[in-house]
Amino acid sequence: MMFKQTLIHGIVSAILASIACLIYTGFYFSVLVDFSEAAGTLHVISTCFMVVLAASFIHFGIRKVINNENIADTVFGLLFAACSLGSVFYILKSNDPVFKNEDAALMIDYYKGFVMPMLFFPALAWFSVKPLFLNKRS
């Protein structure tokens, strides 16, 4: 039963993270520049789902290894936050994408700053909807 609740928690979190990312990218595209060549809708949604669903499996595994629910959730939270922060450094070290769109190519210096906030959306979504699933786990 716990795996089912963890998986549903992950799916709901992935949907929320995807919606947040789409709103963020839509706002950013309308205000500054369209980076959809490198961060298109399908890419953003699939990345959110992969990250959060992977986190669901990791959370379930940690809960099986550590019997104390509070300690297990704390360990998972620290790992999720560390992975989010680590992905910022990965983005900073990665090469800039090549854009065909001239406006995006001129604004390439803003691309990494555009992507970095979205790296935290999956973790924020996970912890935002967590209270909905607290009573259902045992």
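Thr25 sits in helix 1, which spans residues 2-31; helices (H or I, at least four residues) and strands (E, at least two) are DSSP runs, numbered from the N terminus. The model is a predicted one, in which local features need pLDDT of at least 70 and side-chain atom pairs count only at pLDDT 80 or more, while totals for chains, interfaces and linings use all residues. Residues are numbered from 1 along each chain as its sequence is written, and side-chain values use heavy atoms, with hydrogens and water left out.

Thr25 is buried, with a relative accessible area of 5% (buried means under 20%, exposed over 50% and partly exposed in between, with a 1.4 Å probe and protein chains only). Leaving aside neighbours within four places in sequence, Thr25 is in contact (heavy atoms within 4.5 Å) with Phe114 and Met118. Gly26, also placed in helix 1, is partly exposed at 37% relative accessibility.

Buried residues account for 37% of the 138 residues. Among contacts between residues at least 6 apart in sequence, 77% join residues at least 24 apart.

On the helix 2 side, the contact includes Val51, Ala55 and Ile58, and on the helix 3 side Phe76, Leu79 and Phe80 are among the residues involved. By class, this contact has 9 nonpolar, 1 polar and 3 charged residues (Ala, Val, Leu, Ile, Met, Phe, Trp, Tyr, Cys and Pro count as nonpolar, Asp, Glu, Lys and Arg as charged, and the others, Gly among them, as polar).

The largest pocket holds about 600 Å³ of space. A pocket here is an open set of points on a 1 Å grid over the protein atoms alone where a 1.4 Å probe fits, with protein on both sides within 12 Å along at least five of seven lines, and lining residues have an atom within 4 Å of a point. Volume is the space filled by probe spheres set on the points, which are joined across faces, edges and corners. Of the 28 lining residues, Thr47, Val51, Ser87, Leu119 and Pro122 are the closest to the centre of the pocket. The lining comprises 21 nonpolar, 6 polar and 1 charged residues.
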